[in-house]
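I opened this model to look up a pocket, a sheet and a disulfide. My entries follow in that order.

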Amino acid sequence: MEERHARELSQLDFGEFVTFCPVLKEQHLLVTVMSNARKQKDPAHLHITMEASGCNQVIGSNARIDRCGICSGNGNSCKHVKGEYIKQWKELGKQNADLIVELPPGTMSAKFVEKAATYNKIGIKSKDGDYLIDPDKAKSVKLSYAGADIVYIYKGKNKRAEEILEITGPTTAKLNIMFVAVDGENAGVGYELQYQLNQNIKLNYRWIVGNWSTCSATCARGKLKAHLNKV
C-alpha cells in the first residue's frame, strides 16, 4: 500500500481541467476546478472533484485488473492450486531433499506453511539448483529473485520451528520448493499457489486509487490524501 499527497490546489485556475499522475504514468487523476470567484487563487474558494482512471488508462473507466493480473480479464488465464505435502521423507540433509512442488515461470503467488514446529526445513532452489536460502541457518530471510519477492519466516527456537515461505511474483524463472529432512516425522506442509496458464502473456499492474480523505484544513491550505493499491 502506498500513500501520496494530491498536488497543491492553489496551483489550479478557475475552470481548469488537469490530469496528473501521483505515482506512475499508467494511473491518472482528473481534477476539475470550479469556483464562483474569478480565477481565485485561494483554495478556500475552490471546489474539487477527482476521478480515477481504470487499468486501461481511460479516465472514468471501471476497468480493473482481474485475479490473474490481466486488465478487464475474466480471471480464467491462471490456475489456483491448493495441496499438502505429507510424504515421510527419510533421506537426511539438504543434498537429499525431496521436491514438494515446482513453481513455473509466471507464478503469481505461493505460500508454504509447516503444520507444526519440527526440526525439518522448507527449502527453495533456483533454476540452477542452488539454494536461495540456506536450510542449515535458522533465521528469517527476505530477498528478491527472478522477479519475485521471497519471505522466509522462522518461528521457533532450539532448531525446532514452524516455517512459512511466501513468494510474490510474477516469477520469471522456475523455482523448486524442497522438503529437507533433519530429524523426526514430517508434520505436513500445506501450500497454496497461483500461476499463469500462458507463460507468454503480458501481465498488467496498475495503481488503483482508493477513497479520498477529508481535507486536513477547514479553511485554505489543506491537503487531500488517497491510498493507492498496486494490483
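**Pocket**

I looked up the second largest pocket and found about 160 Å³ of space in it. A pocket here is an open set of points on a 1 Å grid over the protein atoms alone, where a 1.4 Å probe fits, with protein on both sides within 12 Å along at least five of seven lines. The model is predicted: local features need pLDDT of at least 70, side-chain atom pairs count only at pLDDT 80 or more, and totals for chains, interfaces and linings use all residues. Residues are numbered from 1 along each chain as its sequence is written, and side-chain values use heavy atoms, without hydrogens and water.

I listed the lining (an atom within 4 Å of a point); Tyr-119, Lys-121, Asp-136 and Tyr-154 are among its residues. By class I get six nonpolar, one polar and four charged residues.

**Sheet**

I traced an open sheet of three strands (DSSP E runs of at least two residues) in the order β6-β12-β8, paired antiparallel. β6 (98-103) and β8 (121-125) are the edge strands. The twist averages 25° from one strand to the next. I checked β6 against β12 (residues 175-180) and found five bridges, where a pair needs at least two.

**Disulfide**

I searched the whole structure and found one disulfide (sulfur atoms within 2.5 Å). Cys-55 is joined to Cys-71, S to S 2.0 Å. The S-S torsion is about 85°, so the disulfide is right-handed. Cys-55 is buried at 4% relative accessible area, and Cys-71 is partly exposed at 21% (buried is under 20%, exposed over 50%, partly exposed in between, 1.4 Å probe, protein chains only).

Definitions and conventions: Points joined across faces, edges and corners; volume = space filled by probe spheres on them. Nonpolar A, V, L, I, M, F, W, Y, C, P; charged D, E, K, R; others polar. Helix = DSSP H or I, 4+ residues; strand = E, 2+ residues; numbered from the N terminus. Axes fitted to C-alpha atoms, helices over the stretch in contact; angles between N-to-C directions.
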